[in-house]
Amino acid sequence: MVFKRMLQAMGVGGPSVETVLSNPNCRPGGYLEGQVHVVGGDHPVDIEYLAVGLVTRVEVESGDSEYDTTQEFHRQRLTGSFRLAPGGRHDVPFRFDVPWETPITELYGQHLHGMTMGLRTELEVARSVDKGDLDAVAVHPLPAQERILDAFLRLGFRFSKADVERGRIHGVQQSLPFYQEIEFYPAPQYARAFNQLEVTFLPTPHQLQVVLELDKRGGVFTEGRDTFGRFTVDYAGAEQADWAGQLDAWLRQSAQRRGLFF
């Protein structure tokens, strides 16, 4: 699959840039490949650099307010400076490494509601930067992530939404300044114990870190409460584990320890 985008840099008569991805699908820890084609306009220009970067929408909490922002979280400079003649062409092939903690955007061929991910091409000419629009990128789960998400679906959980929140999670290895939360409505057998389940994945090259949060909203005479759990998954052993059984046991034990009885 070839994905193309054109942007006109620096106004009328300036250079144009075409970004072509060989395949917009990837996984955390994988890569994207493609080419950037820069074509000169009607006058010579000095290009300072050409770069690409992954960006996503991030939710930021500031005091009592929340807002969304678009954040670049991984960047790769493709060239140094070069001179582009009128009508000249400069082709730049690239292989872009996708960070391990990159949020996923797809599951079983369906886009996760709430997620935005794109590769942005940036061209600087004479200290003026054209960042252009985003080329959509689809990030699919690692096999271990997919096995765990599949287990929740088989237990009867229903997907609600996904988002990316700025901040850090205590007690885990984290390199990016944000983390993804994949939210589920509880299966009927858990509905009395909690109102929402949130799953966060923080992959590394060697293992998958999983953080679970159970949310129990308060009632008229009770306080709301959250229950947290975290564990690590060895990639090699993830295929053999009975995830539905293990997750069901953890959910029941965690809920009962907090008095959230079924």
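**Reading burial, pairing and confidence in a predicted chain**

Student: Does Asp 68 count as buried or exposed?

Tutor: A residue counts as exposed when its relative accessible area is over 50%. Asp 68 has a relative accessibility of 51%, so the residue counts as exposed. Please keep in mind throughout that this is a predicted model.

Student: Where is the place of Asp 68, and with which residues is Asp 68 in contact?

Tutor: Asp 68 belongs to strand 6, which covers residues 65-79. Setting aside neighbours within four places in sequence, Asp 68 contacts Arg 57, Val 58 and Glu 59. Between Asp 68 and Arg 57 there are 11 residues of sequence separation and a C-alpha to C-alpha distance of 6.5 Å.

Student: Is Leu 155 buried or exposed, and where is the place of Leu 155?

Tutor: Leu 155 has a relative accessible area of 14%, so this residue is buried. Leu 155 sits in the loop that joins helix 1 to strand 15 (158-166). Its contacts, not counting residues up to four places away, are Ala 187, Gln 189, Tyr 190, Ala 244, Leu 247 and Asp 248.

Student: How is a nonpolar core to be read, and which residues of the largest nonpolar core touch the most other members?

Tutor: In soluble globular proteins, nonpolar side chains tend to be buried together. Here the largest nonpolar core has 63 residues, and those touching the most other members are Val 137, Ile 148, Phe 152, Phe 157 and Leu 197. Strand 5 (residues 45-62) contributes the most to this core, 7 residues. Domain 1 (1-139) and domain 2 (143-258) each supply at least three residues to this core. Apart from this core lies another of 5 residues, including Ile 169, Val 172, Tyr 179 and Val 211.

Student: Which residues does Val 137 touch, not counting residues up to four places away in sequence?

Tutor: Val 137 touches Leu 21, Pro 24, Cys 26, Leu 32, Leu 54, Thr 105, Met 117, Gly 118 and Leu 119.

Student: Why is strand 11 described as largely enclosed by the rest of the structure?

Tutor: Strand 11 (residues 117-125) is largely enclosed because 9 of its 9 residues are buried. Met 117, Leu 119, Thr 121, Leu 123 and Val 125 point one way, Gly 118, Arg 120, Glu 122 and Glu 124 point the other way, and all are buried.

Student: In which sense do strand 5 and strand 11 pair, and what is the bridge partner of Leu 119 in strand 13?

Tutor: Strand 5 and strand 11 pair in the antiparallel sense over 9 bridges, with Ile 47 opposite Val 125 of strand 11. Strand 11 also pairs with strand 13 (residues 134-136), antiparallel over 3 bridges, and there Leu 119 has Asp 135 as its bridge partner.

Student: Over how many bridges do strand 2 and strand 4 pair, and over how many do strand 4 and strand 8?

Tutor: Strand 2 (residues 16-21) pairs with strand 4 (residues 31-39) over 6 bridges in the antiparallel sense, and Leu 21 has Gly 34 of strand 4 as its partner. Strand 4 pairs with strand 8 (residues 89-97) over 9 antiparallel bridges, where Val 38 is partnered by His 90 of strand 8.

Student: Finally, how is confidence to be read, and where in the chain is confidence lowest and highest?

Tutor: Where pLDDT is low, the predicted coordinates should not be read in detail. The chain has a mean pLDDT of 87, and 86% of its residues reach 70 or more. Confidence is lowest in strand 1 (residues 3-8), at a mean of 45, and highest in strand 14 (residues 138-139), at 98. Residues 1-10 have pLDDT below 50, and this stretch makes 46 contacts in the model beyond near neighbours in sequence. Residues 218-225 also have pLDDT below 50, with 9 such contacts.

Conventions. Residues are numbered from 1 along each chain as its sequence is written. This is a predicted model: local features need pLDDT of at least 70, side-chain atom pairs count only at pLDDT 80 or more; totals for chains, interfaces and linings use all residues. Side-chain values use heavy atoms; hydrogens and water are left out. A nonpolar core is a set of buried Ala, Val, Leu, Ile, Met, Phe, Trp, Tyr and Cys residues joined through side-chain atoms within 4.5 Å. Buried means under 20% relative accessible area, exposed over 50%, partly exposed in between (1.4 Å probe, protein chains only). Helices (H or I, at least four residues) and strands (E, at least two) are DSSP runs, numbered from the N terminus. Domain bounds come from an automatic or database domain assignment. Contact means heavy atoms within 4.5 Å. pLDDT is the predictor's confidence in each residue, from 0 to 100. Two strands pair if DSSP finds at least two bridges between them.
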